[in-house]
Amino acid sequence: MPSRRILSGQSPSKAEPVIFVRTLSSKGRIQVVTMPAKNKLAVNVKSVGSGNLIALSACMFLSACSLIAHYDQVAYEHATNAKVDTLALMSKATGSYNEHQKEVEALITQLDKAYEYDRGRQLNKITIAQWDILRDPNRDSVGGFLEMWKAKTSLSATFIAEKKRQIGDAFDQIIQLESGKLKPAKVTE
Amino acid sequence: MANIDVGSIFKSIEDQSKALAEKLFKQYTRQAVNDAKDFLQKSKDDLKRWIEELARGDISVDEFESLVKGQADVAEMRALKQAGLGAVQIDTFTNGVLDIVVSAAFTAIKI
């Protein structure tokens, strides 16, 4: 008799419960079992064949495997808030770095928190790689901009305006990826 | 007792899965290509403007270099985004195939 139930439902033509069961039988390892509504003790069994079980099992297995994390509202908010705060602070870079050092440190902490939150999520390596580029002080995104501000003490208004456009675009790549991930409702549908 | 036509179930699954794959991946490919084209055009315009700003002395050589290198960083982040969205499409396809399999099975079992 059946060793494990894997699917259940109702026949669309009659209101009879239907289940697919995996069995230990050598001929067919998946069976369709119907239970007549009037007599629930009587059970009809149809073997489907082991080859088909492989295909069905493959579908079941694949459905359980995701390649990338699902959408996370908190991560999305971290990224959008960090974008707004970063661009706001960048506007102040015509002024002295020393006067804004505490704000810079607060922003770095905010970026670190967003990064750490995303780092704690499963299947999220791509987003982490994006944050790595954005935060790296040796590259030319947010981390590099803050280093440049510190080194030069103040930056030109033209450069800041151009860099804000560029860094806004960089944040958008993280935000767009997050918003493109499958929403929990869609995952369970 | 129901007679299950397994061949017809699998034909239905195959046809529907093919249609789903065509729809999902064509749409994704079109979006990715348009995204890349937009970025290239935007980068071209940006570079032209930065050269003019450098020539006018509105930005320094260091700032110009930072902008050019920063654009390469954005390109890398954009490529990562596209890779991630590609993975989302594969997950969507996998979930869709599962729905097709279950639906085809229950449609076929008309006892």
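Select Thr153(A): it counts as exposed because it has 12 C-beta neighbours inside 10 Å. The cut-offs here are 20 or more other C-beta atoms within 10 Å of a residue's own for buried, 12 or fewer for exposed, and partly exposed in between, with C-beta atoms placed from the backbone. Thr153(A) sits in the loop between helix H5 (142-152) and helix H6 (157-180) of chain A. Check its backbone too: phi is near 65°, a positive value in a residue other than glycine. Most residues other than glycine have a negative phi.

A word on what you're looking at: this is a predicted model, where local features need pLDDT of at least 70, side-chain atom pairs count only at pLDDT 80 or more, and totals for chains, interfaces and linings use all residues. Residues are numbered from 1 along each chain as its sequence is written, while chains are lettered from A and ligands numbered from 1 in the order in which they are written.

Next, go to Leu123(A), in the loop between helix H3 (101-119) and helix H4 (125-135) of chain A. Here phi is near 55°, again positive in a non-glycine residue. Leu123(A) counts as partly exposed, because 15 C-beta neighbours lie inside 10 Å.

Now pick Lys102(A) in helix H3 of chain A. With 9 C-beta neighbours inside 10 Å, Lys102(A) counts as exposed. Draw a distance to Asn138(A), 36 residues away along the chain: the C-alpha atoms are separated by 21 Å.

Finally, zoom out and colour by secondary structure. Chain A has seven helices and four strands, taken as DSSP runs (helices H or I, at least four residues; strands E, at least two) numbered from the N terminus. Of its 189 residues, 25% count as buried.
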